[in-house]
Amino acid sequence: MSIEKIILVGGGGHCKSVIDVIESEGKYEIAGIIDVKEKIGSDILGYKIIATDDQLSDLVKQFRNFHITLGHIKSNAVRVKLFNDLKSKGAHFPVIKSPTAHVSKHTDCGQGTIIMHYAVVNAGTVIGENCIINSRALIEHDAVIANHVHISTGAIINGDCRVCQNVFVGSGSVISNCICIIDDCIIGAGSVVIKDILKAGTYVGNPVSIKK
Ligand SMILES: CC(C)(COP(=O)(O)OP(=O)(O)OC[C@H]1O[C@@H](n2cnc3c(N)ncnc32)[C@H](O)[C@@H]1OP(=O)(O)O)[C@@H](O)C(=O)NCCC(=O)NCCS
């Protein structure tokens, strides 16, 4: 029986980690990667770069499944644009889950989201669309993660937190329980958030303060 094909959009470092998760999950065959014109014909971990994002309309006619593999640290604007463009053209975005991740059956996960190796997503959580729950991240009970959020490697989002749209939470950060982080914030690596963040900006430190 043949498995469904998937197209990856963005051929950088994050793409390599996603490839590893997709290969481990074994549900999809990677049919190609989208990147810039100059890279067409080259390959990433054995998968060819086959087209640019100018060709997305044609690709949606040929392929059903897509995943945005562009990374997200300071800005996710291109990630969001590509996701919305493809969605409006009828692309399907499966949820991708590493077999080493624990994703509670009592969680709700939006389309296009990836749960990477050894992440834990506990009961009562809600995760939005086009999110990255990176390797070893922990999303504790009843936390709500909105669309287009990246919870980086080893970050901890404790119970009842609310992380709003487009937020980036850096590697190893800890968000205390019942905290709200408003849209469009960047939380630097290794930061500790103990109070609500209600103004968009970049926050670093323990406890965090806004970066000037
Ligand atoms: C917050 C961040 C985005 C800021 O990047 P930047 O704008 O390029 O900032 P700079 O490196 O120029 O640093 C500017 C200042 O902020 C401080 N700073 C930056 N990141 C910091 C952090 N995470 N914690 C504490 N201080 C930090 C720097 O020490 C520097 O201070 P100085 O002006 O007194 O020398 C980046 O440092 C960061 O933490 N990125 C996350 C990396 C990560 O988690 N990747 C995971 C991928 S899965």
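**Close-up views of a predicted model**

**View 1. Isoleucine 132 and the residues it touches.** Setting aside neighbours within four places in sequence, isoleucine 132 makes contact with His72, Ile114, His150 and Ile151. Bear in mind that this is a predicted model. Isoleucine 132 belongs to strand S12, which covers residues 132-133. Is isoleucine 132 buried or exposed? Isoleucine 132 is buried, because 28 other C-beta atoms lie within 10 Å of its own, and 20 or more is what it takes to count as buried. Look also for threonine 113: it sits 19 residues from isoleucine 132 along the chain, yet their C-alpha atoms are 5.9 Å apart.

**View 2. The sheet that runs from S6 to S24.** Strand S12 has its place in an open sheet of 8 strands. Trace them in the order S6-S9-S12-S15-S18-S21-S23-S24, and expect mixed pairing along the way. Strand S6 (96-97) and S24 stand at the edges. Each of these two has a single partner strand, so one side of each goes without a neighbour in the sheet. As background, strands of a sheet pair through backbone hydrogen bonds, either parallel or antiparallel. In which sense do S6 and strand S9 pair? S6 and strand S9 (residues 114-115) are parallel, with 2 bridges between them. To find the spot, look for isoleucine 96, which stands opposite isoleucine 114 in S9.

**View 3. Leucine 8 in strand S1.** Stay with strand S1 and pick out leucine 8. Leucine 8 counts as buried because it has 27 C-beta neighbours inside 10 Å. What does leucine 8 touch, not counting residues up to four places away in sequence? The list is Cys15, Val18, Ile30, Ile33, His67 and Thr69. Alanine 31 is 23 residues from leucine 8 along the chain, and the C-alpha atoms of the two are separated by 8.1 Å.

**View 4. The shell around the ligand.** How many residues surround the ligand? There are 16, and the closest are Gly170, Ser171, Gly188, Ala189 and Val204. Sorted by type, the residues of this shell come out as 10 polar, 4 nonpolar and 2 charged.

View 5. Most residues other than glycine have a negative phi, and most peptide bonds are trans. Aspartate 160 is not a glycine, but its phi is positive, about 65°. You'll find aspartate 160 in the loop between strand S16 (156-157) and strand S17 (162-163). Aspartate 160 is partly exposed, with 16 other C-beta atoms within 10 Å. Next comes aspartate 184, whose phi is also positive, near 70°. The loop between strand S20 (180-181) and strand S21 (186-187) holds aspartate 184. Aspartate 184 counts as partly exposed too, with 16 C-beta neighbours inside 10 Å. Finally, which residues does a cis peptide bond join? They are asparagine 206 and proline 207, and omega is about -10°. Proline 207 sits in the loop between strand S23 (202-204) and strand S24 (209-210).

**View 6. Stepping back to the whole chain.** Taken together, the chain has 3 helices and 24 strands. Its radius of gyration is 17 Å, close to the 17 Å that the globule rule gives for 212 residues, so the chain is as compact as a globular protein of that length. The C-alpha trace spans about 45 × 40 × 30 Å along its principal axes. Of the 212 residues, 41% are buried. Among contacts with a separation of 6 or more, 28% come from residues 24 or more positions apart.

Technical notes
Residues numbered from 1 in each chain as written. Predicted model: local features only at pLDDT ≥ 70, side-chain atom pairs only at ≥ 80, totals over all residues. Helix = DSSP H or I, 4+ residues; strand = E, 2+ residues; numbered from the N terminus. Buried ≥ 20, exposed ≤ 12 C-beta atoms within 10 Å, placed from the backbone. Rg over C-alpha atoms; globule rule 2.2 N^0.38 Å. Contact = placed C-beta atoms within 7 Å. Near = placed C-beta within 6 Å. Nonpolar A, V, L, I, M, F, W, Y, C, P; charged D, E, K, R; others polar. Pairing = 2+ DSSP bridges.
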